[in-house]
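Hello,

Here is the structure I promised to pass on. Please open it first, then read my notes below.

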Amino acid sequence: MLEIENLHVKVDGKEILKGIDLHIRAGEFHAIMGPNGSGKSTLSYALAGREGYEITEGAVRFRGQDLTAMNVDERAAAGLFLAFQYPIEIPGVTTMTFLKTALNAQRKARGEDELDAVRFLKLVREKAKPLNVSDDMLRRALNVGFSGGEKKRAEVLQMALLEPALAVLDETDSGLDIDALKTVAAGVNALRSPERAMLVITHYQRLLDYIVPDMVHVLSGGRIVKTGGKDLAHELEKTGYAAYGADAA
Amino acid sequence: MPPTAPMRHEEEMNDRAAQIFIDTYERERSTLPGADTWLARQREAARASFAEAGLPHRRLEEWKYTDLRQALEKAGVAASPVHGGAVVLPDTAVASAFASIDRHVLVFVNGRHRADMSRAVRLPKGVVLHPLVEVLPEQWAKDLIERRLDAARQSEDIVDLNTALMQDGVALRIRKGVRLDKPLHLVFLSADDGASHTRNLIRLDEGAEATIFESHVGTAAAFADIVTDISLGAAAGLSHVKLQDEAPGAIHMATLRAHLSERSRLSNFTFTLGCGVSRTQNFIRFEGEGAQAHVNGAYALKSQQHADHFCVIDHAVPGCTSHTLFKGVLDGASEGVFQGKVIVRPGAQKTDGRQMTHALLLSRDAAMNAKPELEIYADDVQCAHGSTVGELSRDAIFYLRARGIPETRARQLLVSAFLDEALDLVPHEEAREALKILAVDWFSGGRGAI
């Protein structure tokens, strides 16, 4: 599904990722943990293709294609989804309009027919219900005035609707209380399937109690310094990141 | 070299543009409409004032960003020919924007009414709708034409040019308590190069109501000089939507003057897709308590277009409300101007006056000048004004693209969302939807390179 080889990324001329190797197969669920400043968000933005994240060395293949040769929206249409740590507010564009535009743009890019208003509404309601996303929220401007929990639920709704092959969840637990965390985690777990892979990026082990990974990687100083099973997360919770050359944060 | 030398040259050069209008007046004065009425004297007085002031130029504070003198000098201002032959409206989305709305239509070509292209039948009793020339002998026409607001003299002076040379226009009078059954659509088409001078007179008596759409379209390098004088009686209500989209070589100069009696309501919306140089002036004066004016607008400019919106709201009496919001997007090397002034006269307590302007620059070469002003001489009022100029958020574009929305579509969504805040204020639902579609069309079709 995703093969990252020796990935180096510069931001503002400064090298942040210094040779990442990571392989994720379909059906797998990986977690990347690491202290602040270790390069976690840089990895997620570099995968999504954000401007200013310059790949200076290495290769990224996604479903057999060279990911780095695709632009941002092509990557999304190819099945890559980034759940944002801080979802952007879009005044004047309702959540509903946004969802419909995004879904149909992806369907069109893949050569599928676009959904009409009726079919779309049915689909979105079906996906929104388990996430407690109300019709009122769908009518509001995207993320504008949403609480932290609402924003993250809206992100998971987008993911549920767009059905990506690979979802990258960037600090999805930040700003969530325990109830909101459970709702979001249930939404994410509902999307687990043998065809889908996930990469969860988090500072804390807490999220991984609810979204249990197959593999855990520790990112520090721009490199993956340790890889293990799900127990590694618990170990980190006890020892902190200091053992991996970083300050405990 | 002394600094006065080039300026002198410029003035001499520019005087020629005004002189062409004066020559036209001298040549045509005996054949202009109303030559045998009170209007002849009024025209003569207007000519004298115009000859003295000349065309406005950028050394006048209120014309700082729009040099009409220079624009007309460059364009040449010969009078436009009477176009009697077959004319078709341009086959554009703008020209047909209101086509699906059940409405009365009056068409003017090169500033002259064309009965053969118009359709206004079975008007309700109490609605008087005529070409201007037919109402000139009447007192109400005289009252409207003679009335000045004087809150922004430098800007209002350009009306003298129109008064001296006005050829035609629409005169609408609605009697007490009568409601115009469907919108009246005024179409002004510039079919040939040259100048046209249009005067519209609209008077709504007590409690009367009407909706008016104006479309200004054309492919000619024309100078369209339009003045619309409005008088609203007590508790009268007028909704007014003006849409303008003319040729790159065209110059558009429109002034709307409205006097509002007690409890009357004016809801005005200007949508400017521009031309070479356009200036739209809205002068509103409250003359009775409890009246409301919504003076809003949107504009979308591209390439070398220049569009100036100038709004003056004069709260001369207490207890009136005025809300103004203008939003615009500027692409290419276009230039936008918003100048606004809210005046609250001594004693005009309980005034609610708001004036906001926001612009979005889509290109590095586009420019925006905004100058909202408040002049407040009363203490118990609620007034606010504000102005912003920005560009599309890169974060927002990235976010939309990260969901698979292609960049152009992402930008269009954001531009439409920006304009929609203003377009939501269009006072007629179908017109509102029509203008929103035009905004999308503008982005996807008519725009310059981003």
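A caution before the details: this is a predicted model.

Start with the sheet in chain A. Four strands make an open sheet, in the order β2-β1-β4-β5, and they pair antiparallel. Which strands stand at the edges? They are β2 (14-24) and β5 (65-66) of chain A; each has a single partner strand, so one side of each is left without a neighbour in the sheet.

Now look at one pairing within that sheet. In chain A, strand β1 (residues 2-11) and strand β4 (residues 53-62) run antiparallel and pair over eight bridges. To find one of the bridge partners, go to A:Ile4 and look across to A:Val60 in β4(A).

Next, the contact between the chains. Here 18 residues of chain B meet 21 residues of chain A. On the chain B side, two elements give two or more residues: α8 (394-401) and α9 (407-423). The largest share, seven residues, comes from α9(B). By class, this side of chain B has nine nonpolar, one polar and eight charged residues.

Last, the nonpolar core. The largest one holds 211 residues. Which of them touch the most other members? They are A:Phe81, A:Leu166, A:Val168, B:Leu72 and B:Ile251. The largest share of this core, eight residues, comes from α9(B).

A:Leu166 deserves a look on screen. Leaving aside neighbours within four places in sequence, A:Leu166 contacts A:Met1, A:Leu2, A:Phe62, A:Gly79, A:Leu80, A:Ala197 and A:Leu199.

Best wishes

Conventions
Residues numbered from 1 in each chain as written. Chains lettered and ligands numbered in written order. Predicted model: local features only at pLDDT ≥ 70, side-chain atom pairs only at ≥ 80, totals over all residues. Pairing = 2+ DSSP bridges. Contact = placed C-beta atoms within 7 Å. Nonpolar A, V, L, I, M, F, W, Y, C, P; charged D, E, K, R; others polar. Core = buried A, V, L, I, M, F, W, Y, C linked by C-beta atoms within 7 Å. Buried ≥ 20, exposed ≤ 12 C-beta atoms within 10 Å, placed from the backbone.
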